[in-house]
Amino acid sequence: MADDRPPSAAALLRRFQQHAPNSPQLLGFLTLFISASILIFLTGLTLTAAVLALIFLTPFILLTSPIWLPVAFFLFLATAGVLSLAGLALAAAAGFSWAYRYFKGMHPPGSDRLEYARSRIYDTASHVKDYAREYGGYLQSKVKDAAPGA
């Protein structure tokens with residue numbers, strides 16, 4: 001038969017002690033709480049400083065904005081140009097390095113595909129040449145048949 005009586009205080013205290021965190025866990029929770037509190041305080045301080053700076057600097061920003069737009073445009077173009085040149089130089093260096101290794105016979109990655117493409121192009125060109133030779137002879141014989149005196 002089930003016992004419907006509420007648990008005694010001693011049993012309740014015993015269950016609580018079994019599930020209570022130990023000393024290292026309490027120290028970890030305390031460290032986490034202190035770190036989170038400091039980070040929340042610093043976040044609030046940063047947000048407050050940013051809003052105050054925006055309030056006080058808005059007139060200066062509005063008065064000097066005609067100067068900022070061309071400067072920003074120039075800086076954007078200069079940055080884009082430098083990054084483009086750096087990217088092109090890096091791509092050229094990689095290409096020259098690959099070509100150097102290929103011509104030295106070091107078989108860089110992708111050289112097998114290049115060899116396959118080269119052989120396909122050579123085979124196709126030789127087939128076209130043979131076909132043109134055969135078809136050209138056929139046309140010459142037809143021209144002679146059409147104009148025997150020519």
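1. Helices here are DSSP runs of H or I with at least four residues, strands are runs of E with at least two, and both are numbered from the N terminus. The model is a predicted one, in which local features need pLDDT of at least 70 and side-chain atom pairs count only at pLDDT 80 or more, while totals for chains, interfaces and linings use all residues. Residues are numbered from 1 along each chain as its sequence is written, and side-chain values use heavy atoms, with hydrogens and water left out.

2. For residues 67–100 the end C-alpha atoms lie 49 Å apart, and this span is likewise 100% helix and 0% strand. UniProt, in an unreviewed entry, places the feature "transmembrane region" at residues 26–55 and 67–100; its positions follow the numbering used here, feature names are shortened, and annotations may be inferred rather than shown by experiment.

3. The chain as a whole has three helices and zero strands, which, read along the sequence, gives the pattern α-α-α.

4. Of the 150 residues of the chain, 3% count as buried, where buried means under 20% relative accessible area, exposed over 50% and partly exposed in between (1.4 Å probe, protein chains only). The accessible surface of the chain comes to about 13,700 Å², with 73% of it belonging to carbon and sulfur atoms; areas come from the Shrake-Rupley method with a 1.4 Å probe, and for residues only the protein chains shown count as cover.

5. His107 lies in the loop between helix H2 (23–103) and helix H3 (111–146), and its phi is near 55°, a positive value in a residue other than glycine. Most residues other than glycine have a negative phi. His107 counts as exposed because its relative accessibility is 66%.
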